[in-house]
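Here is a short report on a protein model. Keep the structure in view as you read.

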Amino acid sequence: MRITVFGAAGNVGSRVVTEALTRRHEVTAVVRDKARFPELPEAAHARTGDASDPRDVARLAVGQDLVITATRPAPGSEYGLVKATEGLLAGLAGTGVRLLVVGGAGSLILPGTGGTTVADGPDFPPSWLPIALACNDQLAACRAADDVDWTYLSPAALLEPGTRTGRYRLGTDELVVDAKGESAVSMEDLAVALLDEAENPRHRRTRFTVGY
């Protein structure tokens, strides 16, 4: 497949690029600043672009099968995530190019609570609320798009660098937890799940989640 990755030098984006290259896909790795080119694998096609600019998105999507976005704004600029998603949706509208979005876990339902979301749970850190609310709006923007073939991936509650095990469990709108009630997945295995979805679509125009 020919895949364009926005946010390619970020924590999740870099792992997505690595996973895609390992599977022998052709990857265009997009960053906002060419000064970050040295951070990208030599096997990827390094490009600059702004996900919030539909013209950049359309330009970088020409001839591609799939666009993946793993962008994350700096603290204090959380709403930039929504603008980036809106730019991606506008740039891909009517093109037939699929969009896979790495989103947030805040809108997932806590198991056994009758509908309480992760962000509304008693243990949710207040400092994470701005990005959680931005992710909620990001998901809403995807759900409102009827001219883009999108998929939204919400990670587990704990998403950190770790080990690629190649295993995970799938969910839809409820947080995936283990036998101890913990919810976690490594960034490496999140990338595995994302590329599995890219190669074998099971969640078109909907949200899914993963965890151990």
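## Helix 1 and helix 5

Helix 1 and helix 5 are oblique to each other. This is a predicted model. Two packed helices are described by the angle between their axes and the distance between the axes. For helix 1 (residues 11-22) and helix 5 (residues 187-199), the axes come within 9 Å and cross at roughly 55°. The crossing of helix 1 with helix 5 is right-handed.

Which residues make the contact? From helix 1 come Asn 11, Val 12, Arg 15, Val 16, Glu 19 and Ala 20. They meet Met 187, Glu 188, Leu 190, Ala 191, Val 192, Leu 194 and Leu 195 of helix 5. Sorted by class, the contact of helix 1 with helix 5 holds nine nonpolar residues, one polar residue and three charged residues.

## Helix 2 and helix 3

Now take the second pair. Helix 2 spans residues 54-61, and helix 3 spans residues 80-92. Their axes come within 7 Å and cross at roughly 55°. Helix 2 is therefore oblique to helix 3. The two cross in a right-handed way.

Helix 2 brings Pro 54, Val 57, Ala 58 and Ala 61 to the contact. Helix 3 brings Gly 87, Leu 88, Ala 90, Gly 91 and Leu 92. Seven residues in the contact of helix 2 with helix 3 are nonpolar, two are polar and none is charged.

## Two cysteines without a bond

A disulfide is a covalent bond between the sulfur atoms of two cysteines. How many disulfides does a search of the whole structure find? The search finds zero.

A disulfide needs the two sulfur atoms within 2.5 Å. Cys 142 is likewise in no disulfide.

Are these cysteines buried or exposed? Cys 135 has a relative accessible area of 5%, so Cys 135 is buried. Cys 142 is buried too, with a relative accessible area of 0%.

## Two arginines with positive phi

Most residues other than glycine have a negative phi. Arg 24 has a positive phi of about 70°, although it is not a glycine. Look for Arg 24 in the loop between helix 1 and strand 2 (26-31). Arg 24 has a relative accessible area of 78%, so Arg 24 is exposed.

Arg 205 also has a positive phi, near 55°. Arg 205 sits in the loop between helix 5 and strand 10 (206-211). Its relative accessibility is 45%, so Arg 205 counts as partly exposed.

Notes. Residues are numbered from 1 along each chain as its sequence is written. This is a predicted model: local features need pLDDT of at least 70, side-chain atom pairs count only at pLDDT 80 or more; totals for chains, interfaces and linings use all residues. Side-chain values use heavy atoms; hydrogens and water are left out. Axes are lines fitted to C-alpha atoms, for helices over the stretch in contact, and angles run from 0 to 180 degrees between N-to-C directions. Helices (H or I, at least four residues) and strands (E, at least two) are DSSP runs, numbered from the N terminus. Angles under 35 degrees count as roughly parallel, over 145 as roughly antiparallel, 65 to 115 as roughly perpendicular and the rest as oblique. A crossing is left-handed if the near helix is turned anticlockwise from the far one by less than a right angle, and right-handed if clockwise. Contact means heavy atoms within 4.5 Å. Ala, Val, Leu, Ile, Met, Phe, Trp, Tyr, Cys and Pro count as nonpolar, Asp, Glu, Lys and Arg as charged, and the others, Gly among them, as polar. Buried means under 20% relative accessible area, exposed over 50%, partly exposed in between (1.4 Å probe, protein chains only).
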